[in-house]
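Welcome, and thanks for taking a look at this one with us. Below is a short tour of some local features, grouped by topic so that you can follow along in the viewer.

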Amino acid sequence: MSLIKKKIHPNGPEMSHLIAGMMRLNDWNLTITQRIDFIEKCIDLGITTFDHADIYGAYTNEKLFGEALKERPDLRDQIEMISKCGICLTTENRAAHKIKHYDTTPDHINSSVEKSLQNLQTDYLDLLLIHRPDPLMDAAELADCLMNLISDGKILHIGVSNFTTAQYELLQSKLDVPLVTNQIEFSLLHLNPIYDGTFDQAQKLNFSPMIWSPFAGGRIFHEESGVAGRVRHHLEEMHQKYQADIDQIALAWLMTHPSNPLPVLGTGNVDRLKSAVSATEINLDRQDWFKLLKASRGHDVA
Amino acid sequence: MSLIKKKIHPNGPEMSHLIAGMMRLNDWNLTITQRIDFIEKCIDLGITTFDHADIYGAYTNEKLFGEALKERPDLRDQIEMISKCGICLTTENRAAHKIKHYDTTPDHINSSVEKSLQNLQTDYLDLLLIHRPDPLMDAAELADCLMNLISDGKILHIGVSNFTTAQYELLQSKLDVPLVTNQIEFSLLHLNPIYDGTFDQAQKLNFSPMIWSPFAGGRIFHEESGVAGRVRHHLEEMHQKYQADIDQIALAWLMTHPSNPLPVLGTGNVDRLKSAVSATEINLDRQDWFKLLKASRGHDVA
Amino acid sequence: MSLIKKKIHPNGPEMSHLIAGMMRLNDWNLTITQRIDFIEKCIDLGITTFDHADIYGAYTNEKLFGEALKERPDLRDQIEMISKCGICLTTENRAAHKIKHYDTTPDHINSSVEKSLQNLQTDYLDLLLIHRPDPLMDAAELADCLMNLISDGKILHIGVSNFTTAQYELLQSKLDVPLVTNQIEFSLLHLNPIYDGTFDQAQKLNFSPMIWSPFAGGRIFHEESGVAGRVRHHLEEMHQKYQADIDQIALAWLMTHPSNPLPVLGTGNVDRLKSAVSATEINLDRQDWFKLLKASRGHDVA
């Protein structure tokens, strides 16, 4: 089987239903050839969208990916590339940063996008996300900057990440094009977007959210605490019924949400990606969905 | 005296200022004749609106009411009937339900409305409410389903219950007709809608909220706890001034709110209903209103 | 140097970047001549906007200010006057008030504005603010009342104070003119407006918020508690770099916010006002801004 692509907004780009997250690319210690191989295997699985950020790997991961693309420029047209900017990390690679902070000024955004394009060895990003809400975001100024990046062809679409609904509305109100996504945390151990209006806004504005940390950073598999243990226990109980592993059921649980979320998977293990692709075919029974929600909340949810 | 009717939304239906809640109809153990008598006494008092839900009495109460209407079909035109759906209870009457959950799929909503109409022995509901926000609500799909129920003449108006403002906005955004109410909990022991935007939304969108549990499930009369005791003490102090019982003053307090809320009264005791009707004539002094608010909050509110 | 004026809303009035708060005018024990002198010194500094409320000084401060204006009516055209109403204090000056409460009925608002005009010895207010959200606010009725006050020339502009975003939206929805500000609490010890949508709304609707208690009522200078101490320590560290006192840096920190807030300064000390005027020239480095935010929150903010 291969994944279908999803239009994430009526005006927006098509992205693969599952997204390959590049946050840990540096940790995988791959040669250029191995990176090319990884990208090709993702494409074969239908995972054509790759999620980057300037800061991943302390500002080094985009370059690692770009080295593969430079070797195999024919791959560029077969994939969609997301990057993010707006966070400034303290690292020896950015000695000027004395404190972790945000920067959404046009100067910073423009220079960050330039560097991402260079590092990724591409002329354009399919989607640029503002990585986190900057309390000093001048929305009108930022919107102008983003519109110019679109006019210049450097980015095709704009979105945000970790924005509250008010912050989303604010930035949207200054833009002439729709924001096409909000990349947020959501998992059986982090239910906030269900209750804080985030998913309601997604449905209302017809965009598909992207989901980071869909397995709560692995806590769902390993943590002994009450909540994680309870959730895992229920996932295990469903193993037989769905002929699926607990990671697949946890993923199916996420994807059942009517806002049509697109999970970002941070693994470099192709087998786990294959397993995730199969999970897109699971039709989770509504009552099972609520059993898992109840396990997470610790009380009846209806 | 008799109650006036209130238009609950500019496009919406007229409902009686007080609403008879049928949640405990089964507990009252009434013969069909007694049920007819109860309905007639309500009508005489001007309480013409009856609030049902598919699940009340473990899915049995609508039928109890319908048996009375079947005997006396002439009563149908003298009353307004509300029902609700979207909650799935675990009960021997619904063996397929393994866990309490929500279901707002068109299949469930349509079949629930069909059953309500049959049980209530009527061709239409004056108002259908989605009983609680379903985290799996596909708003566009649900809106289509609701619009079809209106086209088919099975329901005249649509509303919701226990929705946050974001959930309300979402469902409204997919509908071609206005939602005409949000039935919510509000009482001197549950002040949330004043502070969480719910009442602000009601005023902004010009709908009258309906209020369930206006006496906090009786806690306002019996509970010894700090808050309930404090509130009761202040209600008792006003007895003389308003020549009214504490339940009447508590009700007048609710109805003072400028969003024009319509309380749902769950009692089968006609004397208590009469007492409530009289309460609609009480003009609570603004300072007394704040005394009660202060008693509930435990500190100055200005 | 002298302050520039700021247009606080595209349709709105120009106000001085810093506002003189009259809440403690009675405490300063000034003769009429001294009050005139204070007003003139403010004007010389470019602080031309004076922030009043009916209740300040237990309903006496507006009169103190008006006595100065009566002596020197030529000053009226050189200044902008804000007043507020809607709170009812218990004080011997208002024996009818048995409990601190809110009142936003047309009767109360109209009579409060009349008294403010008389006491302030002026024909009009540049800006009237509803002082706090009244849980009994009938928004349509209040909006009519405010529109009439504008038609009658008694007030030029309308705003609010301490409103949540939902309350702001509600009142705005009933008005034919824009609300031009929300006067709120904000300081290094009170960060809420950054995170609760208040500043997002200000930017979205293009109004400048006004800020009360910019130094957290002095706690930022004196309090020994963890947060205040931590913040003060970081302010002191920046003394050298900016050649500025800690109150100036704290003020510059506030004014860095892209919503262009206008601080209200409650001091009668002209030297402190001068110092504040100089603070408007400080360009706080973005990383220093985040250092102070981090000091207040107690953890990394990015």
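Predicted model: local features only at pLDDT ≥ 70, side-chain atom pairs only at ≥ 80, totals over all residues.

- Strand E3 (residues 19-21) of chain C pairs with E12(C) in the parallel sense, over 2 bridges.
- Within that pairing, Leu265(C) of E12(C) has Ala20(C) standing opposite.
- Strand E11 (residues 210-212) of chain C also runs parallel to E12(C), joined by 2 bridges.
- Here Pro263(C) of E12(C) is the residue that Ile211(C) stands opposite.

**The loop between H6 and E10 of chain A**

- Two residues to look at here are Asp176(A), in the loop between helix H6 (165-174) and strand E10 (182-185) of chain A, and Thr181(A), found in the loop between H6 and E10.
- Is Asp176(A) buried or exposed? Asp176(A) is exposed, because its relative accessible area is 70% and the cut-off for exposed is over 50%.
- Thr181(A), in contrast, counts as buried, because its relative accessibility is 0%, where buried means under 20%.
- Thr181(A) and Ser208(A) are 27 residues apart in sequence, and their C-alpha atoms lie 5.9 Å apart in space.

**A negative surface patch on chain A**

- Which residues form the negative surface patch? The patch is made up of Asp107(A), Glu141(A), Asp144(A) and Asp176(A).

- Tyr59(B) is not a glycine, yet has a positive phi of about 75°.
- Tyr59(B) sits in helix H2 (residues 56-59) of chain B.
- With a relative accessibility of 10%, Tyr59(B) counts as buried.
- Ala216(C), a residue other than glycine, has a positive phi near 55°.
- You will find Ala216(C) in the loop between E11 and helix H9 (219-222) of chain C.
- Ala216(C) is buried too, because its relative accessible area is 8% and the cut-off for buried is under 20%.

Notes:
Residues numbered from 1 in each chain as written. Chains lettered and ligands numbered in written order. Heavy atoms only, no water. Patch = residues over 30% accessible without salt bridge, like charges linked within 9 Å, V, L, I, M, F, W, Y side chains within 5 Å. Areas by Shrake-Rupley, 256 points an atom, 1.4 Å probe, with all protein chains shown as cover. Salt bridge = Lys/Arg side-chain N within 4 Å of Asp/Glu carboxyl O. Lys, Arg positive; Asp, Glu negative; His and termini not counted. Charge placed at Lys NZ, Arg CZ, Asp CG, Glu CD. Helix = DSSP H or I, 4+ residues; strand = E, 2+ residues; numbered from the N terminus. Buried < 20%, exposed > 50% of the residue type's maximum accessible area, 1.4 Å probe, protein only. Pairing = 2+ DSSP bridges.
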